[in-house]
Amino acid sequence: MRANLIRLLAVALTVVFASCEDDFLEKPPLSQITPENYLNDESQLAAYSIDLYSVFPVMEAYARDSDTDTEADRGYDNRYVPGQWLVPAQGGDWNFETIYKCNYFMQQVIPKWKNNKISGNPTNVNHYIGEMYFLRAYIYYQKLVALGDFPIVKTVPKLDLNELVDYSKRKPRNEVARFIISDLDSASTLMSNSGPDGKGNRLSRMVAQLMKSRVGLYEGTWEKYFKGTAFVPNGPGWPGTEKAYNQGYQFPSGSIDGEIDYFLTQSMDAAKAVADQVTLTQNTQKTEIAGQSYLDFAKASDANPFLKMFSDVDLSKYNEVLLWRAYDVGLGVSNSFAISVQGGGAGYTRGFVDNCLMANGLPIYASGSGYVGDDYLADVRKKRDMRLNLWLAEPGQINILYPSPLNTHGTDVAIVPDIMNLLGNHDQPTGYHHTKGNNYDGANYGQHTGSSMGSIAFRGVEAYLNYIEASYEKNGGIDGTASAYWKKIRERAGVDSDFQKTIAATNMSLEAKNDWGAYSANKLIDATLYNIRRERRIEMLGEGFRLDDLRRWRAMDQMIDNSYHIEGFKLWGPMKQWYDATKLTYGIGDRSTVSDPAISSYLRIYEKNTTSLAYNGYRWTMAHYLNPIAIQHFLITSPNNDVSGSPIYQNPNWPLTANQGPKN
């Protein structure tokens, strides 16, 4: 079994070497490629690093918060059904292929670079080396979020079994986070403030600083809320102490409190460095349709830079967009983003929609808020945070302003939500269908031609949000910088900028019904911190931050003993008239199409069939804050094919047996 480790590494070497060469237009035969005539000039460095840009997610349909309390798709997530998420036999997050690619580059390039043996523009050469530091940091951040403690590997291992096993030793998570920050500092030093193309299609110093603020905030808040548990180094039951190499571990700053302060400080400083250079994209806020036609609304929306930023073809014009991925149908490089937005597959939850403020800055339940209810989707949008107004679909709303013969999958107007997926390609399971990312040009809705819409990878407003949260977590107050950033975000959103007014009107017991982020470690947080979290939830909607935020806040403990019911729109009110009553079936097992009105007036998408494992609501278990490590990796690093002999240790509460769920 141990021989498999060498075989796996040998395969990885072959894959890495071959895949990176595929991007070069002129290359020698594979039999002639050697490190000596490879990675010697600027263009080769550029091609090698761009090959790894695939690690960045795309914003297809802006539904990357699905399977949280913010967005939901038709199928429940085993993460919220304790006992159904099992330890895998093989695969999983414990892999080093992309890390190896980064380290191979470093090993080959850095010595040549230090000896001035890389040809090309020195500024660009430095930039591409900086990109590789960034990419290694980004990949390690993914490991940190998924697994916590992780081996820090900075070189290319030799085909030596003992050395390979030694590389499998996990470093405490704070050390991993410090390593990531170190790589990001190197990236910031080497990269230019804008990429070599000047269009935001390549990494830049500002992206590295933004990423640093994200890492610092993640680790600082994780250690704060998990302090005193097995999920942080030296906490009671920390599995790292099972291995001799981590026993007696000492924090670099002397204590976990010192580590928390270090990471939050790093986050604040890096976030401010970015935020002070970023101008938020204008929101013209022309969204109210009283006295207007839906066509007028669509025209106003299409002319709104803030709305267009999420669906434009050329994102280089937006200062707020720090990195984006370009597509061009004419060049045969297209995507299905536009079709995905209109087609659905996921939708907003009632919890998210109710969480959005009124335009006057008050929660919907506050006296004088002006909330008109949720009997109709049109009512839900009235007088609300303009982000909700822009991003929530309403039947009859104009979807496409510019007809095109290429349009085979887009709808000219928004339809009644297809909650039963009768149309197949317009699955809108919660009834609250998203329009964030909608493009008004019918040419982007071709089944075969696809779309040229760009995809945002990093957006500068995150720096504003990171600073606000990190500064409050560190200092317990809103300083002048945080206040200025927060007001700018709210002004852009069309919400009264007096956030203190919102804080004063916030009832945490009511917010807890809508938002898992109202909790940390099974306790309600204070209203100021809560509204900071609320702002982040709404502003970054669908961009993939929600689950990571909930994990670092330790925001699901309250579901260990209490169920949470994912709800959509108010089906069992006047909106039921939109549907053929004979198709709204419930209480008939797997033939039920909707949930029983006796349970709730709101559609419960996972509670249609009593045999569903999520029928009684979502639950949680502590183990799920981190992913399990597959058993394969223990076996191939063990001298006796016994998992206990491996230098790897399993994450808290996960067993060392494949196909079993958490211990508790």
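**The α8–α15 pair**

Select residues 256-275, helix α8, together with residues 461-475, helix α15, in this predicted model. On the α8 side of the contact, display D261, L264, T265, S267, M268, A271, K272, V274 and A275. They meet A463, Y464, N466, Y467, A470, S471, E473, K474 and N475 in α15. The two helices pack with their axes 8 Å apart, at an angle of about 150°. Because an angle over 145 degrees is counted as roughly antiparallel, α8 is described as roughly antiparallel to α15. Their crossing is left-handed.

**The strands β2 and β4**

Next, select strand β2, residues 321-325, and strand β4, residues 455-459. In which sense do β2 and β4 pair? The pairing is antiparallel and runs over four bridges. Colouring by accessibility shows β2 as mostly covered, with four of its five residues buried.

**F458 and the nonpolar cores**

Now centre the view on F458. Beyond residues up to four places away in sequence, F458 touches V321, L322 and L323, as well as E320. Which residues have the most contacts inside the largest nonpolar core? They are F56, F134 and F458, in a core of 170 residues. Helix α4, residues 122-147, supplies the largest share of this core, with 16 residues. A separate second core has seven residues, among them Y327, F337, I400 and M453. As a general background to this stop, nonpolar side chains tend to be buried together in soluble globular proteins.

**Y218 in α7**

Select Y218, which lies in helix α7, residues 205-226. Is Y218 buried or exposed? Its relative accessibility is 1%, so Y218 counts as buried. With neighbours within four places in sequence set aside, Y218 is in contact with Y141, V145 and R173, and also with D548, R551 and R552. For a distance across the model, pick the C-alpha atoms of Y218 and A303: they are separated by 36 Å, and the two residues are 85 residues apart along the chain.

**T528 in α19**

Move to T528 in helix α19, residues 527-539. T528 has a relative accessibility of 16% and therefore counts as buried, the cut-off being under 20%. Which residues does T528 touch, not counting those up to four places away in sequence? Display Y472, I478, W486 and I503 to see these contacts.

**D185 in α6**

Helix α6, residues 173-190, holds the next selection, D185. This residue is partly exposed, with a relative accessible area of 33%. K154 is 31 residues away from D185 along the chain, and their C-alpha atoms are separated by 16 Å.

**Two loop asparagines**

N116 is found in the loop between α3 (97-114) and α4. Although N116 is not a glycine, its phi is positive, at about 55°. A relative accessible area of 71% makes N116 exposed. N421 is placed in the loop between α14 (386-391) and β4. N421 likewise is not a glycine and has a positive phi of about 55°. With a relative accessible area of 28%, N421 is partly exposed.

Technical notes. Residues are numbered from 1 along each chain as its sequence is written. This is a predicted model: local features need pLDDT of at least 70, side-chain atom pairs count only at pLDDT 80 or more; totals for chains, interfaces and linings use all residues. Side-chain values use heavy atoms; hydrogens and water are left out. A nonpolar core is a set of buried Ala, Val, Leu, Ile, Met, Phe, Trp, Tyr and Cys residues joined through side-chain atoms within 4.5 Å. Buried means under 20% relative accessible area, exposed over 50%, partly exposed in between (1.4 Å probe, protein chains only). Contact means heavy atoms within 4.5 Å. Two strands pair if DSSP finds at least two bridges between them. Axes are lines fitted to C-alpha atoms, for helices over the stretch in contact, and angles run from 0 to 180 degrees between N-to-C directions. Angles under 35 degrees count as roughly parallel, over 145 as roughly antiparallel, 65 to 115 as roughly perpendicular and the rest as oblique. A crossing is left-handed if the near helix is turned anticlockwise from the far one by less than a right angle, and right-handed if clockwise.
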